[in-house]
Amino acid sequence: MSIELKKVTVVALIIAASCAIAQGVRGLKVQADLAPRVFLLNAKQLQVTRQRIQAGDTNLTPAWAKLEGEAQKALSARPSFVVSKETTPPSGDKHDYMSQAPYFWPDPKSPNGLPYIRRDGERNPEINKITDHRSLDQLESSVETLALAFYFKGDEAYAAKATQLLRAFFLDPATRMNPNLQYAQFIPGVNTGRGIGLIETRGLTQVVDSIGLLQGSKALTPADQHGLQDWFGKFLQWMLDSRNGREESAARNNHGTYYDVQATTFALFLGKKDLAKQIVETAKQKRIALQIEPDGRQPLELARTRAWGYSNGNLDGLMWLARLAENVDVDLWNYQTKDGRSVRRALEYLYPYAVADQKWTYQQLGGFDGKSLFPLIRRAAAHYKDERFKGEVVRIPKLDPTDREHLLTAE
């Protein structure tokens with residue numbers, strides 16, 4: 001081969017290699033720019049936030065700095081285990097989640113305090129002796145913080161830590177939780193678990209979104225993804241088939257709402273869009289029409305000793321359900337029965353109390369705090385854009401610059 005021909009060949013090889021590298025870089029960029037697979041969070045808003053952070057948008061600096069600081073702390077978080085509790089469930093298997101009913105206390109008229117009796121709204125400190133609920137809360141909080149920090153910044157250290165926590169709680173045979181809540185919120189002297197206990201796993205919906213945020217990382221492997229889908233598939237099946245699950249599905253108050261929030265999220269995660277759509281379509285009558293009066297009252301929540309808190313809490317759940325319904329093209333935000341029952345009407349009923357135009361007359365142990373409704377009003381503002389609602393939103397204080405919500409809504 002001549003010298004000139006060799007030069008041409010070398011140049012051609014260099015050009016080809018350069019093109020391949022450029023294509024690879026573009027491919028990675030396209031992959032990085034793909035919308036995260038989330039269901040409660042808004043993927044497009046998250047994409048906008050990431051672009052703004054990476055561009056150095058100073059308007060988001062306070063919120064991002066706070067999130068990153070929390071993520072740094074989460075890097076030192078110890079994995080949470082259900083097997084670390086001292087109490088053993090009736091099954092004899094510490095891998096089974098277990099918790100005690102919070103509003104039940106020893107009967108002072110009984111020699112041994114059994115059976116426990118209900119004191120609604122008053123939390124029995126005994127429940128803290130069983131650590132599963134706290135372990136689950138810590139997992140949900142840490143994983144969400146780490147996953148968001150990874151998505152916005154791309155630091156693999158955050159993804160590696162989040163994946164470590166996920167593996168410990170859901171996948172590692174030595175420490176994982178069994179996919180059931182058979183022994184959640186048991187009442188001493190009465191039962192070994194109740195359907196009501198399903199309210200304690202509502203934060204698993206955040207975990208599902210966190211998994212979606214981690215999918216572009218090196219840490220979360222296909223085997224991890226498969227294992228997590230398998231776990232949530234079994235948990236969803238337990239929700240659908242078990243006695244406890246069926247009881248919670250049939251609950252007419254906030255427990256039924258959060259059952260639907262969980263079941264819909266898990267169905268979407270598993271690609272069961274038909275099931276997800278069935279749940280949110282059914283919620284029109286099963287939740288909204290049943291739970292909300294034409295004037296916006298939620299009677300089953302107002303009957304509680306913390307009526308304001310439970311009215312807010314159930315409406316929060318209905319709004320999350322409306323957000324999930326967007327994933328299957330169902331509009332619960334604007335759904336209204338013939339006699340006027342709707343998510344918006346429930347919000348309008350609570351609004352005057354939140355801004356102190358009216359005084360709350362129902363029972364609220366621990367005191368009334370109107371500010372707890374403000375986050376719901378802000379979320380609803382993205383869906384109700386008429387002049388009346390805009391006028392109501394104006395009266396709500398602006399978010400603190402460090403609030404994480406700025407990052408989630410790209411505002």
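**Close-up views of a predicted model**

**View 1. Asp-329 and its backbone.** Asp-329 is exposed (over 50% relative accessible area; buried is under 20%, partly exposed in between; 1.4 Å probe, protein chains only), its relative accessibility being 73%. The model is predicted, with local features requiring pLDDT of at least 70, side-chain atom pairs pLDDT 80 or more, and totals for chains, interfaces and linings using all residues. Residues are numbered from 1 along each chain as its sequence is written, and side-chain values use heavy atoms, without hydrogens or water. Although Asp-329 is not a glycine, its phi is positive, at about 60°. Asp-329 sits in the loop that links helix H12 (307–325) to helix H13 (343–354); helices (H or I, at least four residues) and strands (E, at least two) are DSSP runs numbered from the N terminus.

**View 2. Ala-356, a residue with positive phi.** In Ala-356, which is not a glycine, phi is near 70°. The loop between H13 and helix H14 (374–380) holds Ala-356. This residue is also exposed, with 65% relative accessible area. Most residues other than glycine have a negative phi, and most peptide bonds are trans.

**View 3. The cis peptide bond between Leu-114 and Pro-115.** Omega of this bond is about -10°. Pro-115 belongs to the loop between strand E2 (104–105) and strand E3 (117–118).

**View 4. Packing of helix H7 (residues 222–241) with helix H8 (residues 243–250).** The axes of H7 and H8 lie 5 Å apart and form an angle of about 70°. H7 is therefore roughly perpendicular to H8 (65 to 115 degrees; under 35 is roughly parallel, over 145 roughly antiparallel, the rest oblique). Axes are lines fitted to C-alpha atoms over the stretch in contact, with angles from 0 to 180 degrees between N-to-C directions. Trp-238, Met-239, Leu-240 and Asp-241 of H7 make the contact with Arg-243, Asn-244, Gly-245 and Arg-246 of H8 (heavy atoms within 4.5 Å).
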